[in-house]
Amino acid sequence: MPFKTVTSKLAAQLDRDLMGPEIGFTLEQLMELAGFSVAQAVLKEYPLAASTKTQVLVLAGPGNNGGDGLVCARHLKLFGFHPVVYYPKPNSKTPFFSRLVNQLKFFNIPVLNVDENWTQFLDSDSTVCVVDALFGFSFKPPVREPFGSILQQLHKVQDRLPIVSVDVPTGWDVDEGPVEPNSIIPKVLVSLTVPKPCASKIDSLETQHYVGGRFVPAEFAHKYKFEPFPYENADQVVKLSPN
Ligand SMILES: NC(=O)C1=CN([C@@H]2O[C@H](COP(=O)(O)OP(=O)(O)OC[C@H]3O[C@@H](n4cnc5c(N)ncnc54)[C@H](OP(=O)(O)O)[C@@H]3O)[C@@H](O)[C@H]2O)[C@@H](O)CC1
Ligand SMILES: [K+]
């Protein structure tokens, strides 16, 4: 399905618009829907009935992309998966993020800190997939540590352990795509609200492309010059390619 994209600059403006005084969404509301939609994409791609594996490794970054990952982990648990979260640089700017972490503890979901051994979960015998919620549309290369080393590890295992990237494959230039030679190639990309330009660089033979974050009416989509996506029923994601 052909799709329009919005640049990183426009995506940030769209976000501010949704959370501005006129429309009035809160970050918490949008993040809940964003994380919920990523969990739905995981379930659609890796149905529990098709495998004996249930473990999912969620890598959460320091910004809102990481927050989507924290929410996603909670919904994955409700769906029947066993998520483990690696959260090396907790967001300390707002208490909301520590509340999301408390919710994970409430759900008995392990949250590993920077010093803990997260690479033990890069094991395709027990792990279904890795959710890449490290960076989204505000990422500016080059990547700083510890995230550079994390990406190197992911690059090494990506042929045997599928990566599900949230909004933007981490390390990709949001507008240009995979500019670094060792960029990760996700098996699934879940664009949020509307794909960013890097999504047009994915190879549909390698990467299944979904859009999620079902939170704008048609008029708002038209203001940002894209068509609403053909979500079915109560689905929070729609597959754009291959279809
Ligand atoms: N409307 C929507 O669609 C919604 C979108 N949502 C989600 O929000 C995402 C955008 O979130 P965001 O703006 O917080 O930025 P994000 O990409 O998480 O990264 C910022 C962090 O990364 C850091 N950082 C940057 N570059 C770095 C580097 N090279 N190396 C290391 N660190 C680096 C930077 O640190 P700083 O530079 O500030 O020190 C900061 O801490 C979006 O993609 C979507 O997933 C939903 O939650 C809500 C509704
Ligand atoms: K990401």
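These legends accompany several close-up views of a predicted model.

View 1. Let's get oriented before zooming in. The unreviewed UniProt entry assigns residues 11-228 to the feature "domain: YjeF N-terminal". The mean pLDDT of the protein is 96, with 100% of its residues at 70 or more. For the complex, the predictor reports an ipTM of 0.98 and a pTM of 0.98.

View 2. Of the 5 residues in β6, 5 are buried, so the strand is largely enclosed by the rest of the structure. A residue counts as buried when 20 or more other C-beta atoms lie within 10 Å of its own.

**View 3. The two faces of β6.** In a regular strand, side chains alternate between the two faces of the sheet. On one side of β6 you will find V188, V190 and L192, while L189 and S191 sit on the other. Both faces are covered, with these residues all buried.

**View 4. β5 beside β6.** Now for the neighbours. Strand β5, residues 163-166, pairs with β6 in the parallel sense over 3 bridges. To find the pairing by residue, look for V166, whose bridge partner in β6 is V190.

**View 5. β7 beside β6.** Strand β7 covers residues 208-212 and also runs parallel to β6, pairing with it over 5 bridges. A handy landmark here is V188, which stands opposite Q208 in β7.

Notes
Residues numbered from 1 in each chain as written. Chains lettered and ligands numbered in written order. Predicted model: local features only at pLDDT ≥ 70, side-chain atom pairs only at ≥ 80, totals over all residues. UniProt positions renumbered as here; feature names shortened; annotations may be inferred. pLDDT = per-residue confidence, 0-100. Buried ≥ 20, exposed ≤ 12 C-beta atoms within 10 Å, placed from the backbone. Helix = DSSP H or I, 4+ residues; strand = E, 2+ residues; numbered from the N terminus. Pairing = 2+ DSSP bridges.
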